[in-house]
Amino acid sequence: MSIVRMLRYCEWSNAEERVVRDLLELPVGSDDLFMRKLVNATVLRNRLFEHSSHESEEGRLHTIYVKPFEGRELEKYGPQIEPPLSEHCDTAPAPEAEFLHWDGRRFRRGEPVAAPEDPLEIARLLLDHYVVANGRTHETIYSVFDADRNKVVFYMKEDIVR
């Protein structure tokens with residue numbers, strides 16, 4: 001049985017060095033909390049926010065500080081992170097993994113490189129930078145928890161070994 005914790009998402013302003021608004025507060029299980037803290041960004045109400053940091057107070061209240069997604073540090077991939085998030089509207093009753101693959105120009109929905117069945121297994125997958133599946137090595141470029149769809153989106157690039 002998973003312990004339930006309170007989680008809140010707060011928008012942080014680097015310029016003002018403070019929280020500018022609370023975005024969401026909800027109870028989550030420990031495994032779900034672990035998964036949500038490991039992704040690079042989160043979609044809340046159709047807006048993509050990148051994680052700045054996270055903290056816990058007395059082990060009970062957990063906060064993820066976010067800012068609107070810019071993707072500047074992602075070189076060529078940054079502008080291609082947000083568009084696929086609005087291409088699908090399917091939802092899941094429990095967190096699921098979804099895999100997008102880099103085709104040289106953009107990320108497209110593709111074959112799963114793993115089949116995690118619960119939030120803890122998704123979290124374990126988030127810990128790996130590389131995943132080998134079917135004899136191919138895939139690098140995780142970025143990860144997003146789409147809270148609107150209940151999906152963890154993995155942005156993958158196949159590593160070509162020569």
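Begin by selecting V43, N46, R47, L48, E82, L85, S86, H88, C89, D146, D148 and R149, which line the second largest pocket. A pocket here is an open set of points on a 1 Å grid over the protein atoms alone, where a 1.4 Å probe fits, with protein on both sides within 12 Å along at least five of seven lines; lining residues have an atom within 4 Å of a point. About 170 Å³ of space lies in this second largest pocket.

The model is predicted: local features need pLDDT of at least 70, side-chain atom pairs count only at pLDDT 80 or more, and totals for chains, interfaces and linings use all residues. Residues are numbered from 1 along each chain as its sequence is written, and side-chain values use heavy atoms, without hydrogens and water.

Next, select N40, H129, T140, I141 and Y142, the residues nearest the centre of the largest pocket, among its 13 lining residues. About 220 Å³ of space lies in this largest pocket.

Now select F49, in strand 4 (residues 47-57); strands are DSSP runs of E, at least two residues, and helices are runs of H or I, at least four, numbered from the N terminus. F49 is buried, with a relative accessible area of 2%; buried means under 20%, exposed over 50% and partly exposed in between, with a 1.4 Å probe and protein chains only. V66 is 17 residues away from F49 in sequence, yet the two are 5.6 Å apart in space, C-alpha to C-alpha.

Finally, select helix 2 (residues 119-126), where P119, I122, A123, L125 and L126 are buried. Seen down the axis of helix 2, these buried residues fall within an arc of 160 degrees (taken from the directions from the helix axis to the C-beta atoms), so they line one face of the helix.

Note on methods:
Grid points are joined across faces, edges and corners, and a volume is the space filled by probe spheres set on the points.
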